[in-house]
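Dear colleague,

Please find below the structure that I am handing over to you.

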Number of protein chains: 2
Amino acid sequence: MKIVGRVFRPFLLLVALAGLLFGGAAQAQLPPIPAPPMPPFQLDAGHPLAQVIIPKLIPVLVRDVSPALNDVTLVPRVTNALLTAMVDALAPYHPTAVGIFTRFERRPQDEWTLENMNIASLYAAYHSLRGMLPQREAVWASMLTEHGLDPSAGDMDTTTPAGIGTAAGKGAVAARLHDGMNQTGGYADTTGYVPVNSAYELTDASRWQPAIKRTGMGSYSAQVFVTPQMANVEMWSDINPRDIRIPAPTASNPENWDAYKAQVDQILEASANLTDEQKMMSELFDNKIVALGFSFIHTAVQHQISPMAFARADWLTMGALQDAMVVTWQEKARYDAVRPFSAIAHVYGDELVSAWGGPGMGTMEIPASQWQSYIPVSEHPEYPSASTCSCAAHGQAARRYFGTDELGWSITYPAGSSRIEPGVTPAEDLTLTFDTWTDLEQMCGQSRVWAGVHFQAAVDASMEICHDFGDAMFEYFTALMDGTAPERGPAQALAPDPRKDDRGA
Amino acid sequence: MKIVGRVFRPFLLLVALAGLLFGGAAQAQLPPIPAPPMPPFQLDAGHPLAQVIIPKLIPVLVRDVSPALNDVTLVPRVTNALLTAMVDALAPYHPTAVGIFTRFERRPQDEWTLENMNIASLYAAYHSLRGMLPQREAVWASMLTEHGLDPSAGDMDTTTPAGIGTAAGKGAVAARLHDGMNQTGGYADTTGYVPVNSAYELTDASRWQPAIKRTGMGSYSAQVFVTPQMANVEMWSDINPRDIRIPAPTASNPENWDAYKAQVDQILEASANLTDEQKMMSELFDNKIVALGFSFIHTAVQHQISPMAFARADWLTMGALQDAMVVTWQEKARYDAVRPFSAIAHVYGDELVSAWGGPGMGTMEIPASQWQSYIPVSEHPEYPSASTCSCAAHGQAARRYFGTDELGWSITYPAGSSRIEPGVTPAEDLTLTFDTWTDLEQMCGQSRVWAGVHFQAAVDASMEICHDFGDAMFEYFTALMDGTAPERGPAQALAPDPRKDDRGA
């Protein structure tokens, strides 16, 4: 025994201390699922977003921004900064395009090489992403160093690709540093939002209640309305969000009891009858990177657009989404509407209801007070639906850009690949097909009812107005491409909505 | 361009979809810090806890239970189940020892080989850990398969090492399944605890207020008191927690304004004068695996105890900690005391105070309402100090087991290795030395005041009584080792403390 002891114990101490004290434990991870290798990127023949930037960005978004990639105010903020920088860095290599925030002297045509544009793009990505998520500097720097580029070489000589990308990247971050999102204050609320209900008691059954979520083996936390100040962020398009007011969600007012109960019953009905297809639709549209990012990538592949066109069109669609969320957050904050989980408990209390019983449990009789949505509910008030509005605005921008409603996108979920019911759902390989952007946005909206996170009225309200943000963004995009758009000054916070507490009826 | 397009875009779609849809994104991680290699484990000459179990367990604890390893009710529950299983599995290979929950016929002495005991230990670990954290089945199974053992071979033939380990592992989990912790209910609160203060407003300045914590780039959540029902968990020792009542924290009552302000001022004074040593002490003692686990490992190395003695002594010290937390939670729930961050804001509001200004900021003049503790505050009421009580109970158990107060443990933090101020603190390599368990527990307690998470009274109150749990646990341990301890039936929840709402004063 003692010999054994003398042999291994000093090792143990060394290993354990080194591992735990200096990052090992914090970084220790279970084995990742391997993904197919990415084809090698070449500066003169590659696609910076597809081959370099997106693969570096997604793991950071998952880890630092939105683990389920279902966020619609913070993830788009990062991608908007990135794509804004790329659009501005690419403008001088185009016959007519002008930058959004940063404008450079147009480069002579013999410099319009893919290599120059890719170098400018990568420096733009590096400086915009380090500006948004500085704690991941090493990841962003690797986008350059792995391709022979020197991160520190980004001088401000805006006649060189590196200089143009550097100036565009820094400019994109600086221009939105004070746009109302409180980036310099850690994105903390600047509107003074306080929920009227606590996570423990529903005192006003018409209003939002923070959900308590399990955050680990036995730890829980209560939701905090994410970035209420999104309602005060400067829009890209010339739409004034204060001109827009979505009708009040009258069915979410318990004084209209029959309507209140009817929309609760619709959610329970859907919950009790969830199909594998509805479950996977719900999961697909909760993940905005997949639902919107990959449908867009698919279309870009079909239309064989260049890496530069890809970056510009991606900026267009993500910009439409950002504008859509400004208005959506304005209305979410105004109505502060109750989510289904609270309303179901309010109507039925501990009465047994027939509903989805939790991961792998199928449909069961459960106390209404313990009902849970198939998709975990997001940390913001219910009305209107942000996902529906995101899909509608993004879809309309894509429709306008590609000039068609055709999409023809399919996605196959292998049996058991569900994140909510792993190993169980779908029972067999399942392919979801979207022939048109119209199909996509309708499924996107309806899936939020199946998922149990929205009432039908919130979906319908978003579907009603959110194409407008895609149209307005496309007008602005066109003006940037033909060079007629005026240069923008730094973005500024909007004054608070004077009607922000006026919920009408 | 089109050629480039045709070449890479299909790959892109494949990679992105495969990566994101089927786990890649969820599991995608930034590069881990490499740790030195572990010496190879041999069944007939190795140390199961040191070489196999702990290295597998820690990453799961970090990922699924307590990212900062600072939890004191859930992490110890997992380790208690593990060590209980090992103690019971090893008893039949000892001349006098008896099991805690599961008792087997003593094995003939010629079977008391390290190989048999290691096999029994690994099966005990496998079945106890899969019982506690079933979602990591693959990790636990690898503890066996990597050493040529078949996880499914754990029949219940309790004459074989595999059968003994299997029965002990399953028995350890089953025996505490209904011990008051609500394991079958996801460890959700069973006591109906509701904070009197919201995260947004301090309506009673004597009571606990959930803190709002940043959980990502711009997302926040509000704390929920972790496992209030820990107060109702069956103790290991014969101490009846209802016989214990810690004096009320009178200085945390604003009616005693001078005392209330004085203890607030002590925290501000410490915050404004933090040294690198105090910062690293605060970080060391926040991480219970390092502060208690590694100090124990160090002592075990010094005393050259066998792997079997290691498991038993680890169970003893962790059991003392678990008992200590039952009483600590009983008193935390009773007094529901205010944390320093709330009291500082209550006393000084937006007045400027001199204090630590946040990571890397040093001492600054900041509005008291924005003051933050050096270590993020834990999700439970302030009084008494759980960390102090953990260190005192654990230390006393170790003192009794090894028969000395001598410790002689040093730990060196390289310059910049701070988790709170990475790259900044400590300015130079810093070695912290603890000559005795007394030194360790005193620094452990005091560090909570430096860290800004406890008032002095909470530290003093815990130091006053928590040795008792180490002593009582050692008595029980001794009875188990000499075979005089009666067999335990399944653990049962304690009746709620009849005085649980009686805060005196």
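R176(A) and D179(A) are both buried; please note that the model is a predicted one. These two residues form a salt bridge, in which the closest N and O atoms are 2.7 Å apart.

In chain B, a salt bridge joins the side chains of R136(B) and D64(B), with an N to O distance of 2.6 Å. R136(B) is located in the loop between α5 (114-132) and α6 (137-145) of chain B, while D64(B) belongs to helix α3 (residues 48-65) of that chain, so the pair ties together parts that are 72 residues apart in sequence. Both R136(B) and D64(B) are buried.

A further salt bridge in chain A connects the side chains of E137(A) and R130(A), at 2.7 Å from N to O. Here E137(A) is partly exposed, its relative accessible area being 26%, and R130(A) is likewise partly exposed, at 31%. Over all chains, the structure contains 38 salt bridges.

Turning to the surface, V194(A), Y200(B) and I212(B) make up a nonpolar patch whose accessible area is about 230 Å² together. Because its relative accessibility is 31%, Y200(B) counts as partly exposed.

With kind regards

Conventions. Residues are numbered from 1 along each chain as its sequence is written. Chains are lettered from A and ligands numbered from 1 in the order in which they are written. This is a predicted model: local features need pLDDT of at least 70, side-chain atom pairs count only at pLDDT 80 or more; totals for chains, interfaces and linings use all residues. Side-chain values use heavy atoms; hydrogens and water are left out. Patches are made of residues with over 30% relative accessible area and no salt bridge: like charges are joined within 9 Å, nonpolar side chains (Val, Leu, Ile, Met, Phe, Trp, Tyr) within 5 Å. Accessible areas come from the Shrake-Rupley method with a 1.4 Å probe; for residues, only the protein chains shown count as cover. A salt bridge is a side-chain nitrogen of Lys or Arg within 4 Å of a carboxyl oxygen of Asp or Glu. Buried means under 20% relative accessible area, exposed over 50%, partly exposed in between (1.4 Å probe, protein chains only). Helices (H or I, at least four residues) and strands (E, at least two) are DSSP runs, numbered from the N terminus.
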